[in-house]
Amino acid sequence: MAILETDGLTKRFGGLTAVDDVNLTVEQRETRAIIGPNGAGKSTFINLVTGLLEPSEGAVRFDGNDITGQEPHEITQQGVSKSFQTASIFPDMTVQENVRLAAIAAERGSFRFDFLKRRDRFDVVDDVTEEMLRAVDLWADRGVEATSLPYGDKRRLEIAIALASEPDLLFMDEPTAGMSPEETNATVDLIEQLQEDLGLTIVLVEHDMEVIFRIADRIAVLNRGAIIADATPQEVQDDPDVQEAYLGGVEL
Ligand code: ADP
Ligand code: MG
């Protein structure tokens, strides 16, 4: 069964249709890239699926359940997470405190339904915090104040924060933006490793075609809110409509 399906997903901002009748299916453990020119609707699409925006029309199904219109925290609790840009980091807290706080926030929701297990909740939080810090290779830096981390490490901390809710599906919006080639390589390695170690399904928006070709199983191409191609990296590269959409934009 597909882990994620959108059905006619549409978002209008006044007269502008930012996401236009998008039908997208993502399979379990797939790495799906979403590409498209600036303003194509990539971030809006992610915000619709993760509950940060309410769709004008259409539906979102996760693991077979209709999650359309649910609150972001409800969607997170079901196993969908999004790696934010630095906004989600508390700079004065340590690396470990940042992830622990996110893990507590995620646990709080689930424990409302299971009071008998409350005794164990801090054990769970500590275990998840350690697991995710190790997964992004920041365990050794757990005592460091977040603000003093180098840029690439901060971005990995954001990923660990997103992982603290133990998602099955992780969205990443331009994970390598602003990174040096070395940091970009490390991030690609990390994404591949996370997928293996945690069995994640990853949907990422990315401009760097080298990155996409290294990790994407399939690519969806958005243009003016609509999907104009949804295929393997090679097929997308050879598609004349895609080349047209990118004229003057990113070169394929
Ligand atoms: P992308 O991430 O592909 O660059 P976005 O999803 O950010 O594109 O934006 C798609 C379109 O929707 C753009 O024209 C943008 O200006 C518009 N848009 C995005 N968010 C809002 C908003 N909150 N209100 C009005 N227009 C928006
Ligand atoms: Mg965007």
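These questions and answers set computed values for a predicted model against their definitions.

The model is predicted: local features need pLDDT of at least 70, side-chain atom pairs count only at pLDDT 80 or more, and totals for chains, interfaces and linings use all residues. Residues are numbered from 1 along each chain as its sequence is written, chains are lettered from A and ligands numbered from 1 in the order written, and side-chain values use heavy atoms, without hydrogens and water.

Q: What makes β1 and β2 a pair?
A: Two strands pair if DSSP finds at least two bridges between them. Strand β1 (residues 2-13) and β2 share eight bridges, in the antiparallel sense. T6 stands opposite L24 in β2.

Q: Why are β2 and β5 called edge strands?
A: The open sheet has four strands, ordered β2-β1-β4-β5, with antiparallel pairing. β2 (16-27) and β5 (65-66) each have a single partner strand, so one side of each is left without a neighbour in the sheet.

Q: What percentage of the residues count as buried?
A: Buried means under 20% relative accessible area (1.4 Å probe, protein chains only). Of the 252 residues, 48% count as buried.

Methods:
Helix = DSSP H or I, 4+ residues; strand = E, 2+ residues; numbered from the N terminus. Buried < 20%, exposed > 50% of the residue type's maximum accessible area, 1.4 Å probe, protein only.
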